[in-house]
Amino acid sequence: FPVTIRLLIQHLKHREKIESKTNICTRTNLHAYIIAVTAILKYSPYLLTLVTNIPTYHEIWTNLINTNIKPIQDRRNKQMPTMRQESKGALKVTYNDIIAKRDSDEISHYEHLLLSMYTYIYPVRADYFATEIVKNDEIPKIPNYIRLKNDCAELILTDFKTAKRFKNIHYPKLPDELYKIIIKSIHEYPRKYLFEFKGQPYSRNRFSNWAAEKLKKLFGEEINLTIIRHLFISTLSMEMSADELQKIGNLMGHSIAIQRLYKWHNADESDLSDDDE
């Protein structure tokens, strides 16, 4: 199996070179290939007519999975950003930097709206990709929408990664400052969706990429919406009550346990914590 993995790594690195990318030969991508082999060994051994002693090979490839993901798990357990997140500048920008940029006069209209949606309320994932703007008692046509009614705005998201568990992310009344920003935005640029591309809502992936491009332009680092979530949670005190933390978690679509893993420490802090224990 070392020869197989070595050839796979060579192939992925070759792809990085010819495609001018740096995110192809990663442990996460290797995991996808390795786990496919273990799945065949476990669930479809009849396909491997020339392989003898399949249980031994299954054990070997399972151990390879654990070896491959251990560095990722170690960083997560130490509440550190991944190597990729660090390389993108995850520790070079703070949540206060994002707020300061939001309040500056040097950003464009949509950049201001983007930062406002991720700071005036708890930052979600790329869930504003298709957010319809409805008025009064209009019936929304898509799952995520903002309802403008009685001089306030209600936000409901039901299409997000963990919707099966958390059902919805609901703000009966958005903060007044954010409401004013939204109203000003749709008055200056009339449209049907909060964010849109050529009159149509974004796909989730396209919105995520668009947001990442805007953030890179604003901060000079390759940060993204996931990093903003980490940066926000890193400002929270874990001494808050479980009820308070879960209330925030519900509006971000994750549990307290995940919330604790989202809270980053730098390497020095993590090392000191381990020594103290």
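Let's start with Asp103 and Arg102, whose side chains meet in a salt bridge at 2.8 Å, N to O; by salt bridge I mean a side-chain nitrogen of Lys or Arg within 4 Å of a carboxyl oxygen of Asp or Glu. Arg102 is buried at 8% relative accessible area, while Asp103 is partly exposed at 46%. Buried here is under 20% relative accessible area, exposed is over 50%, and partly exposed is in between, with a 1.4 Å probe and protein chains only.

Quick caveat: this is a predicted model, where local features need pLDDT of at least 70 and side-chain atom pairs count only at pLDDT 80 or more, while totals for chains, interfaces and linings use all residues. Residues are numbered from 1 along each chain as its sequence is written, and side-chain values use heavy atoms, with hydrogens and water left out.

Back to the charges. The salt bridge count comes to 14. Another one pairs Glu188 with Lys184, with the closest N and O atoms 2.7 Å apart. Those two are four residues apart in helix H8, residues 176-188, so about one helical turn separates them. (Helices are DSSP runs of H or I, at least four residues, and strands are runs of E, at least two, numbered from the N terminus.) Then there's Glu222 with Lys216, at 3.5 Å, N to O; Glu222 is partly exposed at 42%, and Lys216 likewise counts as partly exposed, at 43%. Shared partners also link Arg15, Glu19 and Lys21 into one salt-bridge network.

Okay, the inside. The protein has 277 residues, and 40% of them count as buried. Which residues touch the most other members of the largest nonpolar core? Out of its 54 residues, they are Met117, Tyr118, Tyr128, Phe195 and Phe207. A nonpolar core, for us, is a set of buried Ala, Val, Leu, Ile, Met, Phe, Trp, Tyr and Cys residues joined through side-chain atoms within 4.5 Å. There's a second, separate core of eight residues, including Ile34, Leu41, Ile54 and Ile65.

Take Phe207: leaving aside neighbours within four places in sequence, its contacts (heavy atoms within 4.5 Å) include Leu114, Tyr118, Phe195 and Leu225.

Last stop, a loop residue. Ser255 sits between helix H11 (242-250) and helix H12 (256-262). Is Ser255 buried or exposed? Buried, at 11% relative accessible area. Not counting residues up to four places away in sequence, Ser255 touches Arg165, Phe166 and Gln246.
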